[in-house]
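Please brief me on this structure.

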Amino acid sequence: QWTVPGFGNVVLPVDNDGQGYFATEAGGTVLNLNYEVARSQVRRLRDNLSTYLTGNYVIPLEISEKLAQTEKLLSEAETLTGASQASAADQAANIALWALEELELARAQQDIEQYRKGDLAITVLDSSGDPVPNATVTYEQTSHDFMFGIFDTLNNVGTEGYELMGDAGINYVTSGFYWTETEPEQNQFAWDSIDHSIGVIDIAELGFPQKGHALIWPLDFMTPAYMTDMDFAAYQQACVDHVSALVSRYANEVEIWNVINEAHGWGASGGFTRAQITELTRSGVDAIRANDPDARVIVNNSFAWYGESRVFASLITGEPDDFTIAIPAYLDQLNADGIEYDIIGQQMYNGGFIEVLALFGVADYVSVPTWDLAHLSDLMDVLNTYGLPVHITEQSVPSSWDPLWAQHRAGWWHRPWDPQIQADFVEQYYTIVFSKPHNEAMTWWNINDNYSFIVDGGLFDKNNQPKPAYYALQDLLLNQWRTRGEANTGEDGQLALRGFGGDYTITVTSPDGQTWTGPAHITEQQP
């Protein structure tokens with residue numbers, strides 16, 4: 001984690017051009033870390049620029065100019081020592097990181113055009129079947145195929161909170177089916193709370209499709225007391241019964257179920273072995289399929305991408321953590337074990353401070369690492385290689401900054417978090433998420449700041465008043481990424497349209513004033 005003046009306090013790779021570092025002198029090798037940070041970021045920029053130019057992206061000339069500028073600064077820094085070298089290197093790192101993000105956004109805009117749009121051919125005929133030239137065709141997109149989601153509870157934000165999110169273009173909701181809340185006593189489900197406090201029934205009546213979150217999550221404070229002393233066989237059967245009851249009851253309201261949460265990490269292992277967690281996953285998937293064959297199954301991962309939470313697990317237990325594995329290793333293991341799920345779910349919290357766990361007495365105050373956008377884009381590219389739909393299931397960043405958070409290693413992006421920086425992140429991060437071909441959903445975690453997982457991470461404040469981030473999202477979903485317009489048919493009565501995937505209303509007006517109105521659908525990446 002490193003402060004690059006003028007860019008942010010972020011986690012950065014330092015890798016000696018991919019070779020790693022070795023102690024070559026007695027007592028170790030001394031490094032100027034500012035210089036090494038800069039070298040690695042300039043290498044990232046050089047590699048990404050070369051890859052995208054080879055991929056026929058149109059790249060703004062100023063990015064190549066910035067690469068040349070960083071290389072010149074590095075060359076100068078190489079001849080310096082100490083603080084002078086560090087200062088020149090900091091300048092190079094700053095320019096490289098800004099250029100990396102500019103490069104990623106330029107690529108994203110072109111990929112959005114390719115992957116998020118499809119083609120619609122319209123032919124206008126009269127009652128005799130002859131083409132109608134010069135007919136006016138008005139087209140208006142009314143919905144998105146891409147799933148723009150939100151998480152909260154009806155009890156927290158009220159009907160008006162969800163209605164405001166709908167007004168911003170949000171079209172699906174994650175509802176929390178945490179075991180301690182849904183089945184606090186064995187075989188005694190809190191149906192009324194699920195229906196109206198969590199709000200599953202009421203949210204469905206508002207018109208939102210839903211994903212059910214965390215059917216199985218062997219985390220200590222998410223596991224009811226009656227399961228604590230169960231052996232594995234009893235625990236597995238309890239999971240099957242629990243999943244079956246919920247999925248069968250809410251088959252009409254919930255389209256996607258998170259079968260297991262964060263199971264690549266020791267914290268959600270429940271003390272079971274990796275093989276046992278795999279069998280719990282398999283049992284959960286089978287129970288979902290048996291009770292709602294049309295439902296889709298998602299496996300959700302936390303953002304310990306490299307398995308770095310091993311360090312904390314070892315500190316807590318005093319023993320090496322042999323359970324936690326990196327996200328790609330976990331996905332590979334699921335494939336090797338023959339777990340047939342439908343969607344890869346990935347959390348991507350990026351900065352900020354978490355106090356809600358401490359407030360409930362289950363953990364200390366913790367912070368979330370902050371990464372640059374190019375790095376987050378790289379990780380999504382890896383997920384997209386698996387060939388399954390990818391959902392960014394949890395993301396939020398704060399709209400405030402407390403310097404005391406730095407004691408817990410909280411970071412910041414571009415400048416210490418404030419409402420406008422939160423809005424800037426929403427605009428740029430969503431642009432990158434929307435550009436990936438296999439991404440099909442993105443969920444912001446918490447509507448408002450009341451009990452938000454990331455302190456002040458909601459799109460509304462505690463009084464349900466929208467922040468700048470809300471309006472930034474609304475502009476993307478309803479303006480920048482909505483297709484609407486008017487055009488005329490040619491002599492053959494035909495008109496070709498290209499638009500974002502979703503439902504449309506088409507109105508055709510013939511030259512003599514007759515009109516026809518009806519629906520149409522554009523499918524992404526298809527004619």
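The briefing below goes topic by topic.

This is a predicted model. A search of the whole structure finds 2 cavities of 30 Å³ or more. Aromatic pairs come to 30.

- Strand β5 covers residues 147–151 and strand β6 covers residues 172–176.
- These two strands, β5 and β6, are joined by 3 bridges and pair in the parallel sense.
- Within that pairing, I150 stands opposite V173 in β6.

- Strand β2, residues 8–10, is joined to β14 by 2 bridges, and the two run antiparallel.
- N9 stands opposite W412 in β14.
- In general, strands of a sheet pair through backbone hydrogen bonds, either parallel or antiparallel.

**Aromatic pairs**

- The count for the model is 30 aromatic pairs.
- One of them joins F151 and W445: the ring centres are 3.8 Å apart and the planes stand at 5°, so the pair is stacked.
- This pair links distant parts of the chain, with F151 in strand β5 and W445 in strand β15, 294 residues apart.
- A pair of aromatic rings is described by the distance of the centres and the angle of the planes.

**Largest cavity**

- The largest cavity has a volume of about 60 Å³.
- Its lining consists of Y178, W179, A214, L215, I216, W217, P218, M222, T223, P224, M227 and Y235.
- By class, that lining of the largest cavity has 11 nonpolar residues, 1 polar residue and no charged residues.

**Second largest cavity**

- The second largest cavity holds about 30 Å³ of space.
- It is lined by W179, E183, Q186, N187, Y226, A238 and D241.
- By class, the lining of the second largest cavity has 3 nonpolar, 2 polar and 2 charged residues.

**Second largest pocket**

- About 200 Å³ of space lies in the second largest pocket.
- Lining residues of this pocket include V124, L125, D126, S127 and V132.
- The lining of the second largest pocket also includes V508, S510, D512, Q514, T515 and W516.
- By class, the lining of this pocket has 5 nonpolar, 4 polar and 2 charged residues.

Notes: Residues numbered from 1 in each chain as written. Predicted model: local features only at pLDDT ≥ 70, side-chain atom pairs only at ≥ 80, totals over all residues. Heavy atoms only, no water. 1 Å grid on protein atoms, 1.4 Å probe; cavity = no way out; pocket = protein on both sides within 12 Å on 5 of 7 lines; lining within 4 Å. Points joined across faces, edges and corners; volume = space filled by probe spheres on them. Nonpolar A, V, L, I, M, F, W, Y, C, P; charged D, E, K, R; others polar. Pairing = 2+ DSSP bridges. Helix = DSSP H or I, 4+ residues; strand = E, 2+ residues; numbered from the N terminus. Phe/Tyr/Trp six-rings, centres within 6.5 Å; stacked < 30°, edge-to-face > 60°.
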